[in-house]
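Me: I would like to go through this model with you, one topic at a time. Please keep the answers plain and state the cut-offs as they come up.

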Amino acid sequence: MVPESGANRTVDLYRATAFPGGWVKEATLLSDIVASDATLTEHGGRWWMFATVRDDGGAFSDQLHLWSAPDFRGPWTPHPKNPLLIDIASARPAGRMVSRGGQLLRPVQDCRRSYGAALGIARVTQLDDSGFEQIVETILNPGAGWAGRKLHTLNEAGGLEFIDGSAMAPRWKQARNGTTQGDGN
């Protein structure tokens, strides 16, 4: 597991000792960096790590950086063309990358309206030492299928897909007869 650790200026790797409640720090993958939503994937015989990086007081969601390593524990080498993408609509990772039909798909956060406002699915067309290219093919917005206000990540495991996001919590008000009820806000 690679939890969010940007406040520590690190990207840390944890190993489960007693899943789901026991974790031990295995390694620090990157140091002295404010990186968000670090995502690792294996592709083309190497490990790749994607993250958005906040440089010099800039935004948290628009600069995609990439590193590669021979093993998921490292050592990690920054891509020579970092940042590979500057785009508030598709730079920030939004979950584990998957391979479907020989193509690598990358969930992305679409932060144009606000942080985590929507999710996109990008098809990776190039991932190697000379560069990175992707085509965003689908945008998922909150709506009838997701009554919340925002979508944050999309992940797949064991044949199931999981989306998380945020919603407005209902406000509870006291009725005259002493019962409580939500008002839908």
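Me: Is strand β3 (residues 35–43) enclosed by the rest of the structure or open?
Reply: Strand β3 is largely enclosed by the rest of the structure, because seven of its nine residues are buried. Buried means under 20% relative accessible area, exposed means over 50%, and partly exposed is in between (1.4 Å probe, protein chains only). Strands are DSSP runs (E, at least two residues), numbered from the N terminus. This is a predicted model, in which local features need pLDDT of at least 70 and side-chain atom pairs count only at pLDDT 80 or more, while totals for chains, interfaces and linings use all residues. Residues are numbered from 1 along each chain as its sequence is written, and side-chain values use heavy atoms, with hydrogens and water left out.

Me: How many bridges join β3 to β4, and which way do the strands run?
Reply: Seven bridges join β3 to strand β4 (residues 46–53), and the two run antiparallel. Two strands pair if DSSP finds at least two bridges between them. Ala35 has Val53 in β4 as its bridge partner.

Me: And what is in the turn of that hairpin?
Reply: Two residues lie between β3 and β4. Gly44, in the turn, has a positive phi of about 65°.

Me: Which residue forms a salt bridge with Asp37?
Reply: Arg92 does, with an N to O distance of 2.6 Å. A salt bridge here is a side-chain nitrogen of Lys or Arg within 4 Å of a carboxyl oxygen of Asp or Glu. Arg92 lies in the loop between β7 (85–86) and β8 (98–100) and Asp37 in strand β3, so the pair ties together parts that are 55 residues apart in sequence.

Me: Are those two buried or exposed?
Reply: Both Arg92 and Asp37 are buried.

Me: What does Gln109 touch?
Reply: Its contacts include Asp37, Arg92, Pro93, Tyr115 and His152, not counting residues up to four places away in sequence. Contact means heavy atoms within 4.5 Å. Gln109 is in strand β9 (residues 103–110) and counts as buried, at 0% relative accessibility. A polar atom of the Gln109 side chain lies 3.2 Å from the backbone oxygen of Pro93.

Me: Back to salt bridges: how many does the structure hold?
Reply: The structure holds nine. One of them joins Asp32 to Arg9, with the closest N and O atoms 2.9 Å apart. Asp32 lies in the loop between β2 and β3 and Arg9 in the segment before β1, so the pair ties together parts that are 23 residues apart in sequence. Asp32 is exposed at 59% relative accessibility, whereas Arg9 is partly exposed at 38%.

Me: Which residues are linked in a network of salt bridges?
Reply: Arg15, Glu26, Asp71 and Arg73 are linked in such a network.

Me: New topic: where is Phe19 found?
Reply: Phe19 is in the loop between β1 (10–18) and β2 (22–31). Phe19 counts as exposed because its relative accessible area is 65%.

How values were computed
Helix = DSSP H or I, 4+ residues; strand = E, 2+ residues; numbered from the N terminus. Polar contact = N/O pair within 3.5 Å; in protein donor to acceptor, adjacent residues only side chain to side chain.
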